[in-house]
Amino acid sequence: MSGLATTLLESGETTTAEAVLFWVLGPIMVLAALSLLFAKKAVHAALAVIVVMISLAFLYVAQDAVFLGVVQVVVYTGAVMMLFLFVLMLVGVDSSDSLVETIRGQRWIGLLAGIGLGVVLVGVVGRATYGKPYGLSGEQVDNNPTGVAHIIFGQYVFAFEVVGALLVTAALGALVLTHRQRLTPRVGQRERADARVAAGATLTPLPAPGVYARHNAMDVPALGPDGQPLESSVPRVLRVRGQEADAEEFAARTQRVLAGVSQVRGNPPPQAAPESAAVNAPDLGAAVSDTGQDGRSTGPAGVIGQEDGK
Amino acid sequence: MILIGEAVAPVTADFSNDTWWIWLIKAVAIVVFLLTSVLIAIWFERKVVARMQVRPGPNVHGPFGLLQSLADAMKLLVKEDMTVKAADKLVYIVAPMIAVFCSLLTFAVIPFGPSVDLFGIITPLQLTDFPVAVLYILACASVGVYGIVLGGWSSGSTYPLLGAVRSTAQVISYELAMGLSLVSVFILAGSMSTSQIVTSQTAVWWFLPLLPAFVIYIISMVGETNRLPFDLPEAEGELVSGYMTEYSSMKFAWFFLAEYINMLNVSAVATTLFLGGWRAPWPISTINDGMFNEGWWPVLWFLAKLWALMFVFVWIRGSVLRFRYDQFMKIGWKVLIPAALVWVVAVGVVQGVRQFSGLELRSVLFVLAGIVLVGLVISFLIPEKKQPGAPERPPGPQVYDPYAGGYPVPPLPGQVLPPSPRKQRAAAATAAADNETTPQVTQEVHGG
C-alpha cells in the first residue's frame, strides 16, 4: 500500500501537506512493521501492528477516503485487541519468542521464500504503469460513506453477502468446536438458592468464627444471639479434622451466665442440639454442585454454607 | 418527523469561514472546558452520592467544598511518581497518555450550538465535522481502551492484568451493542455527521421514536466508561483497583482524568444523537419564533442535557450494585446485542417500506402496532408451559471403589467416594481421645 502511494505521489498531483504527512507516516509505518518482525515480546508485535494500522488510517483519510480510514481504526483496534488476548492466553503474559527451530532448516527455507516474494513484488510493482491519478472526487456521488455504500451494496453486493456468510460460518464453527455436552443439569445461583430454601438451610452467609466469643481464633465457635456457640461458624475442614475448640466448654460457660436469666424467663436454652448433630456429618450433596465437567468449580464446598442444613 | 430520510447535504455545519485562529480558539476552549468539567464532575459526583447516602460530602475546601477536586489534583501532582520495577517501561508510561489523548479527541466533533458570531466571523460552535463523525468517535473510544489494556499488561502484576483482560472483553462486547444502537439513529437521520444529526432532530428528538436504542445506548455507555455497576476492570473489592493498581501520582491522575472525560464524552454523544443536541426543549423552543435555538442560548441547553446525563451516571452509581462478571457478559451478549440487532432490522424495514413504497410513516406504524397487538392477543391463548419438575436424584449415593480399574477414577454422577484415610485417622483420634460417640464418616456425593 505504501509503495503504491509513493508512486502516486511522484506523479506530482497531491498537495504538499499530503506529501509531508506521507513522508512522516511512511518511516513510522516501516519501523513499526519491522518491529513486528523483530520484537521479542508478542505483545510488542501486536502494538506495532496497531501503529501501522492507525498510520494507514491517517493516509486513507488524507486521500479522501474518510469512511475507510475511520472504519480501519474501528475494525483493526478490535482485531488487534483480540490478537492481544490470544497472545495472553496462548503464549503467556511475558513469554518471548522461542528461537529454537522445530523443523530443520526452517529458517533458511523461510529466508529463501521471503527473498523470492520480495523479488516478485519488486518486479511486479517496478514494472507496473500507473494511470494519471484523479482522486476520489469524481467517484463520490453524494459524500464518501454514500459512495462506498453504493459500491458495496450495489456493485459488490454478492461478494459482500458471501463474505458475510463465510464469517457467520466461521463463528458458528468456533462455537460448535468449543461446545461441550453437559452431563448434569446446570446448577446456577438460582438453583442453589432454591435448593437451600427447600432444604431449610441457613440462607445467610455462615457466621464467622469467634464473633462475640472471647477469642477470635479460627477454631473458636461464634456465639449466637442467645449466647450459645454456633458450631457452623468454625470452618468445615477444622471440624472434619476434629481440630475445633471444645464447644461444650463455651456452652457451659454461657450456661452458667444465663442460668439466672432462664430461671426467670422459664425458657429452655434454645438451639445447639441440631447444630452439634450436624457437626461431624455435613451432607455435601446439596453443596457440591458440579462434577468438574462443566468448567468452573464453585469453590470449596464448605464455603457455600449448605452443609449444615440437613 | 418530516425530515426523516430526506436527501440532505452530508454536513450541515458550515466551516468555510473559519480561520486558523478560530480553530485555535475552539480547540483551546474545548480542552479547557473538558478539564474544568472534570474538576466539577468529581465534586458533583462526590456531593450527589453523598446526598444519596445521607451525608454531607466534601464541604471543607472552598464554598460547598467546590475546591475539593482541585486539592485532590494538587495532591496527585506532588505525590511521588513511582515506576514499577517489573513494568514494561515504555508501554507503562505511554498507556496513561493514550487513555487521555484519545478521550480528548471526541469533543472535536460535538456541536455545542449553531453558528454564532465569533469576533466578526460566523462560525458553528463545533471544532470540526465530517460525514463519518460518529464513527470517528467510536474509533477514538476503541483506541482509548488501549490505554487501559496496555496499562494493565505493562504493570507486570496480576490484578492489573486481570483488570486489563476484563476491560478488553468488556469493550469488545459492549462496543457492539453501542454501535448497533447508534445505527438506527444513522438510518433515520440519514447521516453520520453530528451537525446533520442535530439538524434532523428539529421536529422530534430521536430518543422518543428510538427509545429501545436509547436505552441500549445508555446501558452500554455505562459499560464503556467502566463505571458502576460495570466497573469490573477496576473493581476495588476484587482487583484492588484493576488496571491502575500499579500507577501513582500523575500517571494515575491521567487515568482518572481519562475516565471522567470519557463520561463527558459518552454523555455528549447521547445528547447529540438522542436528546436533540443543542436544541431547546419543547415548550422553550416555541417561544418567540425559536429565539432560544439561536445564538449562544443553545450552549445552555447542551450543557443542561450533558449534566443531566452526568447525574444519571452518579445516580446509577449510587443505587446499583456491581454486576458479577458472568452476569455482565450475559447481559451484553444475550440481551443487549440481540435486542439492538432486532431493533436495527425493525427500523431498517420501516424506513425501507416508507422510502420505497411511498407510504406515510403513520400508516406504517399503525400497521406495525396492529401486528404487535394481534401477536400479543395470540400469545395469551398459548397455554403456559409446565415448569419442569426438580431433577430426579438417584435413590441414594452409591459408594464405589475408585481403584477398581487399577488407577483412580473420579466419581460419576450419583456415586460417592469411600471415606478418605485422613478423615478416618481424625475420627480414630477423636474416638481415642474421648471415648464418646463415634463420629460419623463424611461422604461426598458428586453431581447430585
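**Confidence and conventions**

Chain A averages a pLDDT of 74, and 72% of the residues score at least 70.

This is a predicted model, in which local features need pLDDT of at least 70 and side-chain atom pairs count only at pLDDT 80 or more, whereas totals for chains, interfaces and linings use all residues. Residues are numbered from 1 along each chain as its sequence is written, while chains are lettered from A and ligands numbered from 1 in the order in which they are written.

**Chain B as a whole**

Chain B has 14 helices and four strands; helices (H or I, at least four residues) and strands (E, at least two) are DSSP runs, numbered from the N terminus. Of the 448 residues in chain B, 40% are buried. A residue is buried if 20 or more other C-beta atoms lie within 10 Å of its own, exposed if 12 or fewer, and partly exposed in between. Among the contacts in chain B with a separation of 6 or more, 75% are between residues 24 or more positions apart.

Leaving aside neighbours within four places in sequence, the contacts of B:Phe274 include B:Trp205, B:Phe207 and B:Tyr217.

**Helix H12 and its surroundings**

Helix H12 of chain B covers residues 325-357. H12(B) has 33 residues and reaches 46 Å from its first C-alpha to its last, close to the 48 Å expected at 1.5 Å a residue; the expected span is 1.5 Å times one less than the number of residues. At B:Leu336 the helix bends by about 30°, and a proline, B:Pro338, follows within four residues. The bend is the angle between axes fitted to the seven residues ending at a position and the seven starting there.

The buried residues of H12(B), among them B:Phe328, B:Leu336 and B:Trp343, pack against helices H5 (158-189), H7 (211-224) and H13 (361-381) of chain B. Why does B:Ile337 count as partly exposed? It does so because it has 19 C-beta neighbours inside 10 Å. Leaving aside neighbours within four places in sequence, B:Ile337 is in contact with B:Leu176, B:Ala177, B:Leu180 and B:Gly332. Just after H12(B), B:Gly358 takes a positive phi of about 70°.

**A hairpin and a final helix**

Strands S1 (residues 113-118) and S2 (residues 121-125) of chain B run antiparallel and are joined by five bridges; two strands pair if DSSP finds at least two bridges between them. B:Ser115 stands opposite B:Pro124 in S2(B). The hairpin has two residues between the strands, and in it B:Phe119 takes a positive phi near 50°.

Helix H14 (residues 421-433) of chain B reaches 18 Å from its first C-alpha to its last, close to the expected 18 Å. H14(B) is hardly covered, since the count of buried residues among its 13 residues is one.

Conventions
Contact = placed C-beta atoms within 7 Å. pLDDT = per-residue confidence, 0-100.
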